[in-house]
Amino acid sequence: MKYIDEFRNGTVAAGISKKIASLVEGHDRITVMEVCGSHTMSIYRYGLKNLLPKNLRLLSGPGCPVCVTSTSYIDTAIAMVQKTNSRSVSEKEVLVTTFGDMMKVPGSSSSLEKERAKGAAVAVVYSTLDALRLAEKHPDKQIVFLAIGFETTAPTIAASIIEAERRRLKNYFVLTAHKVMPPVMQALLKDRDLDLDGFLCPAHVSTIIGSRPYEFIAQEFHIPCVIAGFEPLDILLGIYMLIEQIVKKEASVKIQYSRVAREDGNQKALSLLERVFEPCDVEWRGLGLIPKSGLKLRGVYATYDALSVFRISDFGFRINPEIRNPKSEINGCICGDILRGIKMPSECKLFKKVCNPEHPVGACMVSNEGTCAAWYKYGET
């Protein structure tokens with residue numbers, strides 16, 4: 001297939017859905033998790049659940065980078081811009097730069113959007129290059145970029161650090177909260193509240209890391225994995241490839257998205273990650289602290305690390321090592337359980353009533369890739 005219409009052909013989609021229904025006929029309920037937020041949005045946008053048999057359940061996973069960014073990280077960014085308002089004459093102004101989807105994410109008591117409305121120095125950028133340009137244009141300011149996301153975005157952040165070094169910029173910093181996917185998928189499989197039969201693996205992440213990092217899931221947990229693209233036929237074919245394995249009681253890692261993803265991933269991007277970052281423990285919103293599921297700057301790049309340069313620990317940045325599966329970070333919000341696949345948005349008493357895209361209570365409603373946002377925009381199916 002070469003053209004976008006071919007990936008959205010309704011007749012072909014109906015044919016694949018019949019094959020899926022034939023495979024699962026007579027079986028008990030089968031549960032598949034689509035890990036990536038972009039998969040979630042495509043499934044709801046194109047109504048793919050309506051094409052699937054009733055005994056096949058799709059769950060949304062923790063693959064939305066905004067949704068899993070912890071409250072403490074937002075609080076830290078807010079503390080930095082608040083510090084700007086009270087800085088001494090000798091201190092340079094801190095300008096926090098971020099992608100737009102982070103602006104409404106709620107912290108403990110505020111958001112970056114609310115703080116900017118009060119006059120705080122927060123700027124929306126479209127790339128790390130924009131943040132670098134601000135650093136060059138305003139040598140009198142300290143430019144801090146909020147670096148969130150998975151293996152997909154981390155290489156661009158790594159490249160910005162190397163570029164800042166090349167340009168000899170002394171006022172560019174990143175506040176990292178990068179996360180990697182395989183450890184959180186392992187954590188989900190160890191969660192006794194969750195019963196999964198297969199993973200639809202994140203496509204964007206997989207174009208970077210390849211398929212090999214998921215092999216332990218098939219080998220140790222006997223859970224099949226398929227890397228699928230984002231178009232409707234990509235997803236349906238990916239589900240079909242998963243169901244084939246599940247009903248045969250087989251488990252391996254297969255690639256449906258072969259036009260982009262490879263077994264060994266993108267070696268250039270992986271080399272950038274290896275050069276700039278190293279693994280660390282990190283907190284996931286609603287999921288708690290997951291060992292070795294994050295990326296932090298290597299010591300050689302410490303001068304670009306906002307976490308150490310600005311003594312972030314003094315601003316209230318805390319990771320509670322006792323946190324494992326917190327039920328909720330905000331009173332009444334069940335984003336944590338939704339990100340774990342334990343509950344659906346309709347089970348949240350705040351959904352649509354007090355929590356909506358204009359006034360999000362939890363991160364799952366903020367992001368365009370959030371499960372609650374998908375339910376709100378497209379309905380349950």
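**Helix crossing, sheet order and buried elements**

In the predicted model, helix α6 passes α11 in a left-handed crossing. The contact draws on Ala-154, Pro-155, Ala-158, Ala-159, Ile-161, Ile-162 and Glu-165 from α6. From α11 come Ala-269, Leu-272, Leu-273, Arg-275 and Val-276. By class, this contact holds ten nonpolar residues, two charged residues and no polar ones. The axes of α6 (residues 154-166) and α11 (residues 267-276) come within 9 Å. They cross at roughly 60°. The two helices are therefore oblique to each other.

Five strands form an open sheet. Their order is β2-β1-β8-β9-β10, and the pairing is parallel. The edges are taken by β2 (56-63) and β10 (253-255). Each edge strand has a single partner, so one side of each lacks a neighbour in the sheet. From one strand to the next, the twist averages 20°. Strand β9 (residues 225-227) runs parallel to β10 and is joined to it by three bridges. Within this pairing, Cys-225 has Val-253 of β10 as its bridge partner. Helix α7 (residues 181-189) lies across β1 (30-36), β2 and β8 (198-201). Relative to β2, α7 runs at about 130°.

Strand β11 (residues 277-284) pairs with β12 in the antiparallel sense over seven bridges. Here Val-282 stands opposite Ile-290 of β12. The hairpin of β11 and β12 has three residues between the strands. In this hairpin, Gly-286 takes a positive phi near 80°. Strand β7 (residues 178-179) is also antiparallel to β12, with two bridges joining them. His-178 stands opposite Leu-295 of β12.

Leu-295 is also among the residues touched by Thr-176. Thr-176 lies in strand β6 (residues 172-176). Its relative accessibility is 14%, so Thr-176 counts as buried. Beyond residues up to four places away in sequence, Thr-176 touches Tyr-73, Ala-147, Phe-277, Leu-295, Lys-296 and Leu-297.

Ala-121 is a buried loop residue. With residues up to four places away in sequence left out, Ala-121 touches Val-81, Glu-93, Val-94, Leu-95 and Val-96. The C-alpha atom of Ala-121 is separated by 8.6 Å from that of Thr-97, 24 residues apart along the chain.

Helix α15 (residues 371-378) contains a run of buried residues, Thr-371, Cys-372, Ala-373, Ala-374 and Trp-375. Their cover includes α2 (37-45), α13 (335-339) and α14 (363-366). Gly-379 follows α15 and has a positive phi, near 90°.

Technical notes:
Residues are numbered from 1 along each chain as its sequence is written. This is a predicted model: local features need pLDDT of at least 70, side-chain atom pairs count only at pLDDT 80 or more; totals for chains, interfaces and linings use all residues. Side-chain values use heavy atoms; hydrogens and water are left out. Axes are lines fitted to C-alpha atoms, for helices over the stretch in contact, and angles run from 0 to 180 degrees between N-to-C directions. Helices (H or I, at least four residues) and strands (E, at least two) are DSSP runs, numbered from the N terminus. Angles under 35 degrees count as roughly parallel, over 145 as roughly antiparallel, 65 to 115 as roughly perpendicular and the rest as oblique. A crossing is left-handed if the near helix is turned anticlockwise from the far one by less than a right angle, and right-handed if clockwise. Contact means heavy atoms within 4.5 Å. Ala, Val, Leu, Ile, Met, Phe, Trp, Tyr, Cys and Pro count as nonpolar, Asp, Glu, Lys and Arg as charged, and the others, Gly among them, as polar. Two strands pair if DSSP finds at least two bridges between them. Buried means under 20% relative accessible area, exposed over 50%, partly exposed in between (1.4 Å probe, protein chains only).
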